[in-house]
Amino acid sequence: MVLTLNEGSLLRETVLGLRETLPPESEILVVDDGSTDGSTEFLTAPDAPARLVRSQHLGTARARNWGALQTCGEIVVFADAHIRLPEGWWQPMAELLARPEIGAVAPMVADVTEPDCRGYGLRLGGPDLTIEWLFYRQDSPYESPLLPGCCLAFRRDTFQAVGGFDEGLIRWGGMENELGLRLWLLGYELWLVPGVECVHLFREHRPYHVEWSWVIHNRLRLAFLHFGRPRIARVINALHNHEGFAGGLALLAGSDVWDRRNQLALQRVHDAEWFFEKFGPAW
């Protein structure tokens, strides 16, 4: 499933690349979440390489969840609209997902403008909840604290069992981080496939509007959903001088965060301290 919003010619390149590298029977769904640049019109032709559905500014979490409901495969892959993948990329990912303890898998990620700049999974870098890319470790697949959202695969039954992406997260920023952490705490594992390279466009300016209060809200929501009080206090202290903090905190106060936190507490196998002891860093 490819989520797109004003991606221009990059969307066509991504979709054609997926069609060329996936088995012929694979379903490719494009969710257009309100594009105004005409970039999805090529998908309205009878012989289009993917099926197109349209939503109106649902944001990443809601649009991905809604898109997943429109598909029927046993494995669901969420792909950004500006990536390139090699032939056979899906095979080692599907093999890992055959193991019931593995909740999600992803490839390593290379920067399209700097191919030698590569990331092998992610972790939460510090109390401001920025993300750190990890370095190469080995050729064979291995566990990762978190996984990049640009090419992220799940078994459908697992994705549904854990409730998909958290729809309380706003527009953009941190959706895959919250879901990855939640999977670990619910008893699943995240695995990285270092032998598969996903070439991804990293950009300073996005073709859609994002407010800092939304980004800060999403970081705060992750903390309030999953952390104990001392660690939440460290997150607040790290973010409170940010320009988007007041707005983000107000958004959090008006949300379902406490009900959601209580619900997750009943389902967890591990707590956040277990996660940080396993993966670090210590903060």
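**The aromatic cluster and its surroundings**

Modeller: Ring pairs link Trp 184, Phe 227, Trp 274, Phe 275, Phe 276, Phe 279 and Trp 283 into a cluster. Please keep in mind that this is a predicted model, and that the values below are computed from it. A pair of aromatic rings is described by the distance of the centres and the angle of the planes. In the pair formed by Phe 227 and Trp 283, the ring centres are 6.1 Å apart and the planes stand at 65°, so this pair is edge-to-face, given that an angle over 60 degrees counts as such. The two partners come from distant parts of the chain, since Phe 227 sits in the loop between α6 and α7 (229–239) while Trp 283 sits in the segment after α10 (272–279), with 56 residues separating them. Both Phe 227 and Trp 283 are buried.

The segment after α10 also contains Pro 281, and the peptide bond that joins Gly 280 to Pro 281 is cis, with omega at about -5°.

On the α5 side, the residues in contact are Met 175, Asn 177, Glu 178, Leu 181, Arg 182 and Leu 185, and they meet Asn 218, Leu 222, Leu 225 and His 226 of α6. Sorted by class, this contact holds five nonpolar, three polar and two charged residues.

The loop between α4 (156–161) and α5 holds Arg 171, which has a positive phi of about 50° although it is not a glycine. Arg 171 counts as buried because its relative accessibility is 16%, and the cut-off for that word is under 20%. A second residue with such a backbone angle is Asn 6, where phi is near 55° and the residue is again not a glycine. Asn 6 is placed in the loop between β1 (2–4) and α1 (9–21), and with 19% relative accessibility it too counts as buried.

Returning to the rings, the count over the model comes to 16 aromatic pairs. One of them joins Phe 159 and Phe 165, an edge-to-face pair with 5.7 Å from centre to centre and 65° between the planes. Phe 159 counts as buried at 6% relative accessibility, and Phe 165 is buried as well, with a relative accessible area of 1%.

Ten of the ten residues of strand β6 (residues 102–111) are buried, so β6 is largely enclosed by the rest of the structure. Strand β6 runs parallel to strand β12 (residues 189–200), and nine bridges join the two, whereas two bridges join β6 to strand β7 (residues 118–119) in an antiparallel arrangement. The link from β6 to β7 is a hairpin through six residues. Val 109 can be followed in both pairings, for its bridge partner in β12 is Cys 198, and in β7 Val 109 stands opposite Gly 119.

Note on methods. Residues numbered from 1 in each chain as written. Predicted model: local features only at pLDDT ≥ 70, side-chain atom pairs only at ≥ 80, totals over all residues. Heavy atoms only, no water. Buried < 20%, exposed > 50% of the residue type's maximum accessible area, 1.4 Å probe, protein only. Helix = DSSP H or I, 4+ residues; strand = E, 2+ residues; numbered from the N terminus. Pairing = 2+ DSSP bridges. Contact = heavy atoms within 4.5 Å. Nonpolar A, V, L, I, M, F, W, Y, C, P; charged D, E, K, R; others polar. Phe/Tyr/Trp six-rings, centres within 6.5 Å; stacked < 30°, edge-to-face > 60°.
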